[in-house]
Amino acid sequence: MSTVLQAKHINKYFKKPVLFHVLKDINFKISKGDFTSIMGKSGCGKSTLLYILSTMDTDYEGELYLNNKLITNNSKDQLSYIRNKHIGFVFQFHYLLSEFSVLENVMLPAKKLGEKSFQEIEHDAMQKLHILNIDHLAKKRASQISGGEKQRVAIARALINNPSIIMGDEPTGNLDSHNSNNVFNIFKRLSEEQGLSLLIVTHDEDFAKRTNRIITMEDGKIIS
Amino acid sequence: MTNWSVILNIAKTHLLTKVKQTIIAALGVTFGIGAYITLVSFMTGLNSMLDDLILNQTPHIHIYNEIEPSKKQPVAMYDAFKNSVNVVHSIKPKLSQKKIHNALPIIHYLNNDEDVKGAIPQIKANIFYIAGSIEIGGNLTGINPLDEAKLFNFSDYVVKGSPEMLQKTDNGILLGAGVAKKMSLTIGDRVQISTSKGDVFPLKIVGIYQSGVADIDAIQSFANIKTVQRILGEAENYITDINVKLHNMNLALPKAKKIEQQFHLTAIDINTANAQFETGTTIRNLITYAVSITLLIVAGFGIYNILNMLIYEKMNDIAILKATGFSGKDVQYIFMSQAIIIGLIGGILGLLIGLIFTNIINTIPFKTDALPTVETYPINFDGWFYVIGITFAMVSTFLAGYLPSKKAKKIDPVKIIRGQ
């Protein structure tokens, strides 16, 4: 299986308020189609690691490879492009643009990428919404739908550019068990049916147990 | 890489969902620009009217023979006293003729000059207006009425009758309004003129002259050159003054210097003769621009404030845009384009309001005896003011948008996302 994401000797320090070694020599690989979760106690550095992997945090030591290409030390604009094209995000909070309609929210990253025509993007977006069973919400404002629906819209948005990997920072942390289950099933289906790689940071043990692989972290190190 | 249609679409959505704020920000610019256009058009209109009052009828170069002492006293020419200090008491002006020697060839020469729009002769004569036993001192100027009208807007100051009438009437006179009032005379009446030599001539009044300066109107009258020559008993080449109008007023000083050297005459240029008008105009312009710029800066701060608040409100949106692949520059452009759209809409509305206001002011009656030609408040409809106005609106909103958008560009998405 080809490697989607690889971290080599990642070290990170927080300099304020005192020097603190958050991540200590992190090494791991994620292959295509992996459904991986990262577990660990609060403060063990799992979210910090995720934001480094996401390319949004560039203040670290070590090397990061995406599709076997080194992306450490790329320029900010290049990293923006990589995030746009290759990485999809789902956060604990929905983070939709509340003034835009659901459909526009989903279409936005694709419009930014600008590789397809407006009609194609709209068609893709409708298709993603359909996969997630929320196509009936397309014309609604993002501020007018429920929490579970918002999270599904966020997943649709993460999928719009057919990314290499989807990253989630506690995507179910803010949802009740029904919706949480729902989101898990969506991820599972995407992983199995479309061979999508997923990397999810979570507190939820039930969620983690059902994934293919669990990375457990403690005090800035991977212990299993 | 920058996808403008997406950026503009986001900017548009931001502006439209906050319509009230957008309108308030745009109105700030609108009032600033509107006030600038109104103020500057009105002030410069007033300025040029006041300047025209004097400058239009003033020649750019006035050439005449000055009565003055010889610059080089005879003793200086005597070699024997060359190395001594000579003191001459009670220097008297040199006796010279009032008329300009070879005036007609000089006028011909000047008229052939490329820079000269026209050079026309005048004769100045001191006379008395006789009303029964009363003699009123005055000036009679001999002119070519049609040339004067063409070059120096002379007809603006002829309130009754016309320069053409003077041209046609051999023994005609354009009487100063003040003189006419004092002597209760009007068009068609006759007035007796006495020269300093004592000869009396009757002249027919063909018009009334009013410059707006009461002191001048109380003494000044005009007649044809030939009439004045005849009254003074002088030949046809008797010319005391030459008035020159140039195409470019700024050449007046060097040209005057050159004429002085070339013909050994006194030549005064308009800037030297009317230095105070330049000063007045400059200061009035300064005040106009100071007030306008203040207005625009206030409007700029309004936009700065509103965008700043907008960016605080949109922190999460900015973070999510960056997380999904919008670069810092894209985010900056989103907010910059909002500022520029506000500036453009506000600015154009401001120009329209300025245009409407100035048109209204232009119809308000403004009658004054001092300015016979003015009927409404003067407005200067100069296109440049509109260009400057919109440019300033764009520049100030650009600056007001630049600083907040720079902040938006630097926002670290990780901090915002993890902070919740």
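Trainee: In this predicted model, what makes residues of helix 4 (residues 145–152) of chain B buried?

Mentor: A residue is called buried if 20 or more other C-beta atoms lie within 10 Å of its own. In helix 4 of chain B, B:Pro145, B:Glu148, B:Ala149, B:Leu151 and B:Phe152 are buried, so each of these residues meets that cut-off.

Trainee: Which elements do the buried residues of helix 4 of chain B pack against?

Mentor: They pack against strand 2 (116–131), strand 3 (134–143), helix 5 (163–168), strand 8 (220–224) and strand 9 (241–246) of chain B. After helix 4 of chain B comes B:Asn153, with a positive phi near 50°.

Trainee: How do you know that the length of helix 14 (residues 383–410) of chain B agrees with its number of residues?

Mentor: The expected span is 1.5 Å times one less than the number of residues. For the 28 residues of helix 14 of chain B this should give 40 Å, and the end C-alpha atoms are 41 Å apart, so the two agree.

Trainee: Where does helix 14 of chain B bend?

Mentor: The bend is at B:Tyr402 and amounts to about 30°. It is the angle between axes fitted to the seven residues ending there and the seven starting there. A proline, B:Pro404, follows within four residues.

Trainee: Why are strand 6 (87–90) and strand 10 (221–222) of chain A said to stand at the edges?

Mentor: The open sheet in chain A has 6 strands in the order 6-7-8-3-9-10, with mixed pairing. Strand 6 and strand 10 each have a single partner strand, so one side of each is left without a neighbour in the sheet.

Trainee: What makes strand 7 (residues 165–169) and strand 8 (residues 197–201) of chain A a pair?

Mentor: Pairing requires at least two bridges. These two strands of chain A are joined by 5 bridges and run parallel, so they count as paired. A:Ile166 stands opposite A:Leu198 in strand 8 of chain A.

Trainee: Which residues touch the most other members of the largest nonpolar core?

Mentor: Of its 116 residues, these are A:Leu53, A:Val106, B:Ile303 and B:Leu307. A second, separate core has 49 residues, including B:Ile123, B:Tyr157, B:Leu166 and B:Ile242.

Trainee: How many residues does each chain give to the contact between chain A and chain B?

Mentor: Chain B gives 19 residues and chain A gives 23 residues. On the side of chain B that touches chain A, helix 1 (4–17), helix 12 (315–323) and helix 15 (413–419) of chain B each give two or more residues. By class, that side has 8 nonpolar, 9 polar and 2 charged residues.

Key. Residues numbered from 1 in each chain as written. Chains lettered and ligands numbered in written order. Predicted model: local features only at pLDDT ≥ 70, side-chain atom pairs only at ≥ 80, totals over all residues. Contact = placed C-beta atoms within 7 Å. Nonpolar A, V, L, I, M, F, W, Y, C, P; charged D, E, K, R; others polar. Core = buried A, V, L, I, M, F, W, Y, C linked by C-beta atoms within 7 Å. Buried ≥ 20, exposed ≤ 12 C-beta atoms within 10 Å, placed from the backbone.
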